[in-house]
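The sequence and the structure are shown first, and the description follows.

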Amino acid sequence: MGMIAFLRGTVAESYPQRLILDVHGVGYEVIVPLSTFDKLNPLPGRELTLKTYLHVRENMQVLYGFATDAERDIFLLLIDRVSGIGPATAIAILGSLSVEQFKQAVVSGDVSGIARAKGVGIKTAERIVLELKDKVGLAATWEDAELALIALGFKQVESRKAIAAHLKENPDADADELIRAALRSMN
């Protein structure tokens, strides 16, 4: 984690992927994904808090900002766990998919959905799915629900279909909710 965990200040300047945040008279330039920009609607003069990550390379330091911890978590997963993905690509992915859409795409192996982000080819999207499938919160939930349904005597294919259908409507469902919803739809 970078040294600066969050910034609270007033927007001095605002561009679609870049804000200047005035924090007690110091102007921090922060790179933000479009999703964060849209959520916060950072008009100059508006006060806001950004979750931040300071990316340090030998010749530069860049501050990245996010509206939520969940966005920052996905950003960090992408740059830490997936080879060949730097901050710019991670920002582009968060700009084209919400956290829920991203998790859903990873869990269901929707490579083309991820590849729609600017600068992400099919190969990179495949790597993301491969590297993050078991790291993304939904995956474990999904597998727990599936195993429970199989234990109850349902076929894997049916179970998976029922779970996927429910996750589309309710991306934040936990394993118990998924099991109950799947049972209702399969009975």
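## An aromatic cluster between strand and helix

Tyrosine 64 counts as buried because its relative accessibility is 8%, where buried means under 20% relative accessible area, exposed over 50% and partly exposed in between, with a 1.4 Å probe and protein chains only. Phenylalanine 75, at 0% relative accessibility, counts as buried too. The model is predicted: local features need pLDDT of at least 70, side-chain atom pairs count only at pLDDT 80 or more, and totals for chains, interfaces and linings use all residues. Residues are numbered from 1 along each chain as its sequence is written, and side-chain values use heavy atoms, with hydrogens and water left out.

The structure holds three aromatic pairs; rings of Phe, Tyr and Trp (its six-membered ring) pair if their centres lie within 6.5 Å, and planes under 30 degrees apart count as stacked, over 60 as edge-to-face and the rest as tilted. Two of these pairs are listed here.

| Pair | Centre to centre | Angle between planes | Type |
|---|---|---|---|
| Tyrosine 64 and phenylalanine 75 | 5.2 Å | 40° | tilted |
| Phenylalanine 66 and phenylalanine 75 | 4.9 Å | 50° | tilted |

Tyrosine 64 belongs to strand β5 and phenylalanine 75 to helix α2, so their pair ties together parts that are 11 residues apart in sequence. Helices (H or I, at least four residues) and strands (E, at least two) are DSSP runs, numbered from the N terminus. Phenylalanine 66 and phenylalanine 75 are both buried. One aromatic cluster is formed by Tyr53, Tyr64, Phe66 and Phe75.

## The barrel

Five strands close into a barrel with mixed pairing, in the order β1-β2-β3-β5-β4; two strands pair if DSSP finds at least two bridges between them. Strands β1 (residues 6-15) and β4 (residues 47-57) run antiparallel and are joined by five bridges. Arginine 8 has threonine 49 as its bridge partner in β4.

## The helices on the sheet

Helix α2 (residues 69-81) packs on the sheet and touches β4 and β5 (60-66), contact meaning heavy atoms within 4.5 Å. The direction of α2 makes about 10° with that of β4; axes are lines fitted to C-alpha atoms, for helices over the stretch in contact, and angles run from 0 to 180 degrees between N-to-C directions. Helix α3 (residues 87-96) lies across β3 (26-31), β4 and β5, at about 15° to β5.

The buried residues of α2 include Ile74, Phe75 and Leu76. Among the elements covering the buried residues of α2 are α1 (34-40), α4 (99-108) and α6 (122-132).
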